[in-house]
Amino acid sequence: MHHSSLRSWPFWLGIIAGMLSPVEGQQSLEEKYKAACPDYKRYSMFMHRPFSEGEMQLPFQRPEIRCRTFTSPLVEKVIDDVTSKMVDKDLARLFENAFPNTLDTTVRWHVDGKEKSKHTELKRATRDEGKWEGPQSFVVTGDINAEWLRDSTNQLLQYQPLAMKDEAIFNLILGAINTQAEYVIESPYCNAFQPPRASKLPATQNGQEDSVHPAFEPSFVFECKYELDSLAHFLALANTFYNHTGSFDFLTPRWYKALDTVLGVLDQQSQSTFDPETGRFERNTYTFSRQTTQGTETLPLGGVGNPLNWGTGLIRSAFRPSDDATILGFYIPANAQMAVELKKTADMLAVAKEVSRAQLLDKRAQTITDGIWEHGVVMHKKYGRVFAYEVDGYGGQILMDDANVPSLLALPIMGFVERDNVVYQNTRKMLLSKEGNPYFLKGSAFTGIGGPHIGFEYAWPMSLLLQAMTSDDDTEISHCIKLVLSVSPLGLVHESINVNRIHDYTRSWFAWANSVFAQTILDIAKRKPHLIFGEGADAYVVE
């Protein structure tokens with residue numbers, strides 16, 4: 001049972017701040033307030049007033065304004081615009097908490113780049129010219145003090161349309177692109193990263209004993225699982241920023257170096273396990289072994305993974321976006337996302353007059369796309385032609401889906417296919433059925449797609465949000481939204497829910513899931529406004 005907080009945080013924050021003694025007389029009032037702020041991981045587990053006026057009486061879960069990690073008047077305007085129109089006041093409260101959650105709680109470090117002296121300590125030599133220069137932003141996933149390339153890109157997605165009108169949001173996202181570029185340059189095979197040294201935030205260890213090649217620096221990297229989608233998300237962050245702003249501010253020598261680094265990884269990970277001419281085993285550049293009893297946490301065969309064939313046009317991914325190991329290394333959703341983002345990057349670079357680079361990327365995108373349609377589409381005895389989840393190029397295939405993005409369910413959201421594509425529709429039917437997808441979970445309290453990461457009884461609300469965004473059916477969309485609302489009594493969207501006991505959940509504070517919820521509501525407000533604003537309502541578009 002969760003208890004409500006009856007105290008007024010602004011009042012108590014002031015009392016606590018006043019009691020804190022300054023450090024050598026230098027600590028400002030603002031710093032004292034920050035020091036008095038509660039740990040949001042614990043804060044999010046309790047209910048705070050005022051409660052919503054709906055039947056569920058959902059709590060207000062935003063931190064006190066002086067405890068928020070980033071603020072934007074335009075974000076507050078969007079919240080007011082959307083919630084004032086919403087018929088369901090509980091749904092409105094969930095959006096009010098979820099839409100700003102990334103800004104409220106996860107921007108652990110941001111600098112606008114105007115004071116260059118703050119970053120000079122990170123330069124090693126002239127060969128690193130431009131390193132850590134310009135705006136920088138470190139965005140954590142929530143209750144873990146590390147930045148995942150995938151999570152942070154998705155966490156910021158709902159703010160991208162605001163960047164053109166809000167200089168602070170523009171600078172924040174530009175900083176996120178610059179920071180991700182530094183991570184990719186230094187450790188392109190890694191998925192999660194420590195705070196930048198200039199932030200002066202402490203690094204944390206993940207508590208694992210991993211043997212990884214290429215080697216990485218633990219003070220720089222939190223975890224080094226090679227996930228193809230991490231690199232695709234790096235490209236997606238810049239592509240979306242350009243799409244909404246038309247700005248080329250991120251096209252720095254460091255970003256181009258990161259792009260070249262990505263292409264280097266794609267070249268290395270398109271190689272087969274055996275030499276196509278001699279048949280000789282060729283050890284992959286990336287290997288990963290972890291001391292664990294969980295098979296999903298490490299790669300088989302000495303950290304190499306299962307064999308992959310040559311000539312497929314596909315790119316290997318050692319791990320899935322859930323951070324679970326792939327079984328067959330050609331992970332189709334990540335290949336689809338990479339193909340889409342390479343094409344978008346090519347189009348953007350063509351406008352920037354980088355013609356040769358654009359042609360190179362366009363060709364690589366087409367090669368991956370052709371590989372997906374040739375090797376990643378298989379015949380199912382019930383559903384017909386469907387996308388496989390993983391393949392190996394030898395004819396081996398895994399048919400399933402996981403809640404994490406990129407996923408097969410999310411293919412239209414990523415832009416790989418249209419919603420009405422026949423193969424996708426066949427695949428969607430397969431994924432949303434128990435007989436077609438082993439991780440489509442049904443219980444007495446909740447239904448949705450889960451995955452190996454949490455286990456056989458926990459479905460992810462995120463999967464229902466993706467289901468809503470890939471549907472044109474009013475009844476299906478409403479059902480998905482109501483189901484997610486019903487399992488969010490703490491006023492935030494959790495990572496996963498026990499399908500039989502909704503109070504049994506993982507991660508009270510998971511910013512990515514809250515961002516996807518906000519994106520879903522904004523998608524409905526644009527496509528199906530009557531479902532949340534009432535009959536005859538006009539579409540609402542964030543611009």
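**Entry 1: largest pocket.** I sorted the lining of the largest pocket by class and got 18 nonpolar, 11 polar and eight charged residues. This is a predicted model. I looked up the volume of the largest pocket next: about 1,300 Å³. The lining counts 37 residues, and Leu157, Thr240, His244, Ile413 and Gln519 are the closest to the centre.

Which helix gives the largest share of this lining? I found helix 9, with seven residues. Helix 9 spans 228–245. Other elements that supply at least two lining residues each include helix 7 (149–155), helix 12 (332–351) and helix 14 (411–414). I also noted helix 16 (461–469) and helix 18 (511–527) in that group.

**Entry 2: second largest pocket.** I read a volume of about 960 Å³ here. I listed 33 lining residues, with Lys34, Cys67, Arg68, Thr69 and Arg108 nearest the centre. Two or more lining residues come from each of helix 2 (29–36), helix 3 (40–43), helix 6 (101–105) and strand 3 (107–111). By class I have 16 nonpolar, six polar and 11 charged residues.

**Entry 3: whole chain.** I counted 19 helices and 19 strands in the protein chain. The C-alpha atoms fill a box of roughly 75 × 60 × 50 Å along the principal axes.

I then looked at burial and found 59% of the 543 residues buried. Among contacts with a separation of 6 or more, 68% join residues 24 or more positions apart.

Definitions and conventions:
Residues are numbered from 1 along each chain as its sequence is written. This is a predicted model: local features need pLDDT of at least 70, side-chain atom pairs count only at pLDDT 80 or more; totals for chains, interfaces and linings use all residues. Side-chain values use heavy atoms; hydrogens and water are left out. On a 1 Å grid over the protein atoms alone, a cavity is a set of points where a 1.4 Å probe fits but cannot get out, and a pocket is an open set with protein on both sides within 12 Å along at least five of seven lines; lining residues have an atom within 4 Å of a point. Grid points are joined across faces, edges and corners, and a volume is the space filled by probe spheres set on the points. Helices (H or I, at least four residues) and strands (E, at least two) are DSSP runs, numbered from the N terminus. Ala, Val, Leu, Ile, Met, Phe, Trp, Tyr, Cys and Pro count as nonpolar, Asp, Glu, Lys and Arg as charged, and the others, Gly among them, as polar. Buried means under 20% relative accessible area, exposed over 50%, partly exposed in between (1.4 Å probe, protein chains only). Contact means heavy atoms within 4.5 Å.
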